[in-house]
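Trainee: I would like to know what stands behind the terms used for this chain. Please take me through them one by one.

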Amino acid sequence: MVGASLAPIRAQTTEDILAPAGHIRFDVTSTFHLWERRFGLREENGALIEESEPVGFDLEQQPLISLDTLTSRLRSAASDPSLELVLGSARAEVAHERTEVKFGVALGLFDWLTIALAVPLVETRTEPTFDFRALDDANLGFSPSAAGVDAFRTSIATSISQLRARRDETCPTGPECGALIDLIARYEPFGRTLDSAYDSPVFVVAGTSASDALQARLAGFRAEAEPYAPGAIPDSVPVASKRLDEAELMYILTTHPSGPRVIAPFSRSRTPFQLGDVEVGAAFRLIEGAVRDSAPASIRLRYRLGGRVLVRLATGSTDHPDVPLDLGRGDGSLDVEAAAFADIRIARVGIQAEIRRGFPQATTRLRRVAPPDRVLAPGPARQVRWTPGAFWQLELVPRWHLTNELALGALYRTVGKEADDYEDLTGPPTGSYPAGVLEVETEESVSELGLGLAISTVARWREDQAPVPLELRAAVRKAVRGSGGATPDGLRFEANGQVFVRLWGSR
């Protein structure tokens with residue numbers, strides 16, 4: 001997810017990238033990301049719609065239990081291609097929070113080279129509010145009792161055998177041969193299809209038009225078969241006694257053998273602080289300088305240009321495949337990044353720019369495989385080969401120095417990610433989705449705007465004008481544009497503190 005992997009604030013100076021030679025820098029960066037909406041992608045009336053929508057949108061728009069197979073089987077059994085199944089009405093609100101506290105240490109080996117290590121601790125929270133109601137037009141309930149279904153299945157199989165036996169006795173010369181062949185050709189597919197429909201955890205409710213259609217068709221077959229196999233065909237189709245309620249729905253989702261078997265689908269999910277993805281990197285200076293109008297005059301222009309490389313280790317735990325809407329502390333992929341940065345200040349006005357390019361490495365993940373709109377994806381989870389898409393990031397921070405220590409900045413950041421690639425390590429199980437459906441909506445982008453405030457004594461400390469080298473920064477960002485189907489549309493609050501300790505050398 002683009003929104004979870006954005007780098008923390010780089011603030012209003014580049015002191016957090018390069019440390020003075022012989023100095024060790026300790027820093028703590030905290031980031032709080034909150035979102036209840038996403039930049040969603042959906043098909044509507046044959047057209048793709050891309051806009052900000054609630055995180056819980058798919059929980060309201062898509063059946064929580066897959067009805068495609070059941071619908072197809074019941075349409076065939078009822079001989080009614082227009083038959084529609086309605087589970088009920090769902091209302092859902094989902095809020096996500098991700099809090100990261102990153103502890104960093106960087107050592108300035110030379111004025112032009114700094115090595116760094118950052119260890120993040122991450123806490124995540126998912127807060128769903130869910131309400132399910134069976135409305136008047138709902139026609140599905142909890143599947144009828146196993147005993148009743150087993151007896152019905154046995155009767156269907158027995159009646160088919162008796163009709164076949166009568167056909168074998170009569171055909172090819174008996175006067176009933178043609179009628180028996182025609183009856184069996186229609187009744188046997190009806191029985192087999194209806195039998196397989198009971199594999200679903202839900203079934204049509206008594207008294208609905210769908211139930212009446214099945215009962216009427218069975219009664220028609222019973223009347224036709226009575227001269228040939230009296231009493232063989234059962235009297236009625238077992239159906240659900242009442243519409244599905246929320247307690248039965250939760251049982252199907254979490255426990256029923258034919259359900260998705262997820263863990264706590266609509267309860268609050270909060271993980272305590274755990275280790276995230278550890279970062280190891282190095283930054284180097286290419287050009288640095290200052291321009292004065294005269295030797296005793298104050299500096300009129302400062303500039304710095306450099307680059308850095310970073311490796312992000314796959315040390316954070318990933319989202320749990322059996323917990324819907326879970327947020328991981330990491331993505332399970334080792335990332336390699338390269339970046340270039342520039343920092344320019346003219347009098348009281350400055351601008352910082354950084355551009356980054358990242359290349360995640362392929363890895364193996366345990367995933368439930370289903371299209372992205374299936375929040376409660378059918379299980380079980382299976383091993384797939386995941387190659388995350390490469391990503392890039394551009395950040396611009398124009399700033400106004402109110403004093404030599406205090407700066408106010410505007411923040412702009414845009415991030416883009418290429419589509420992921422998924423591959424089945426073994427052939428997909430019969431009737432399940434291929435791994436390629438996980439690639440849908442994985443090409444992402446997001447742009448953020450914000451404001452930041454920085455207090456820094458480092459520049460004046462370098463010039464022997466401040467006794468303590470430290471930096472304090474705070475910022476708030478808001479996503480203003482995005483794409484990708486699941487890209488967070490939320491607020492991000494960031495704060496950072498740094499202090500430098502001299503180990504050797506001068507300032």
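The talk below goes from the whole chain to single strands and residues.

Mentor: Start with the ground rules. This is a predicted model, in which local features need pLDDT of at least 70, side-chain atom pairs count only at pLDDT 80 or more, and totals for chains, interfaces and linings use all residues. Residues are numbered from 1 along each chain as its sequence is written, and side-chain values use heavy atoms, with hydrogens and water left out.

Trainee: What makes the protein chain more spread out than a compact globule?

Mentor: First, the inventory: eight helices and 19 strands. Helices (H or I, at least four residues) and strands (E, at least two) are DSSP runs, numbered from the N terminus. Now the radius of gyration, taken over C-alpha atoms, against a globule rule of 2.2 Å times the number of residues to the power 0.38. For 507 residues the rule gives 23 Å, and the protein chain has 32 Å, well over that, so it is more spread out than a compact globule. The C-alpha trace spans about 120 × 40 × 40 Å along its principal axes.

Trainee: What makes a set of residues a nonpolar core?

Mentor: Members are buried Ala, Val, Leu, Ile, Met, Phe, Trp, Tyr and Cys residues joined through side-chain atoms within 4.5 Å. The largest such core here has 54 residues, and Leu74, Leu194 and Phe203 touch the most other members. Elements giving two or more residues to this core include helix H3 (68-78), strand S3 (89-110), helix H4 (146-170) and helix H5 (177-197). H5 gives the largest share, seven residues. Apart from this core lies another of seven residues, among them Trp386, Tyr422, Ala435 and Val437.

Trainee: How do you know that S13 and S16 pair?

Mentor: Two strands pair if DSSP finds at least two bridges between them. Strand S13 (residues 382-387) and S16 have four bridges, in the antiparallel sense. Trp386 has Tyr422 in S16 as its bridge partner.

Trainee: Why are S12 and S16 called edge strands?

Mentor: The open sheet has three strands, in the order S12-S13-S16, with antiparallel pairing. Strand S12 (363-367) and strand S16 (421-424) each have a single partner strand, so one side of each is left without a neighbour in the sheet.

Trainee: Which strands pair with S1, and over how many bridges?

Mentor: Strand S1 (residues 23-44) is joined to strand S19 (residues 487-502) by 16 bridges, antiparallel. There, Ser30 stands opposite Ala495. S1 also runs antiparallel to S3, over 12 bridges, with Arg25 opposite Ala106. Strand S2 (residues 47-54) pairs with S1 over eight bridges, again in the antiparallel sense. In the hairpin of S1 and S2, two residues lie between the strands, and Asn45 takes a positive phi near 55°.

Trainee: And what does S14 pair with?

Mentor: Strand S11 (residues 349-360) is joined to S14 by 10 bridges, antiparallel. Nine bridges join S14 to strand S15 (residues 406-417), also antiparallel. S14 and S15 form a hairpin with four residues between them. Strand S14 (residues 391-401) has a covered face, including Phe391 and Val397, and an uncovered one, including Trp392 and Trp400.

Methods
Buried means under 20% relative accessible area, exposed over 50%, partly exposed in between (1.4 Å probe, protein chains only).
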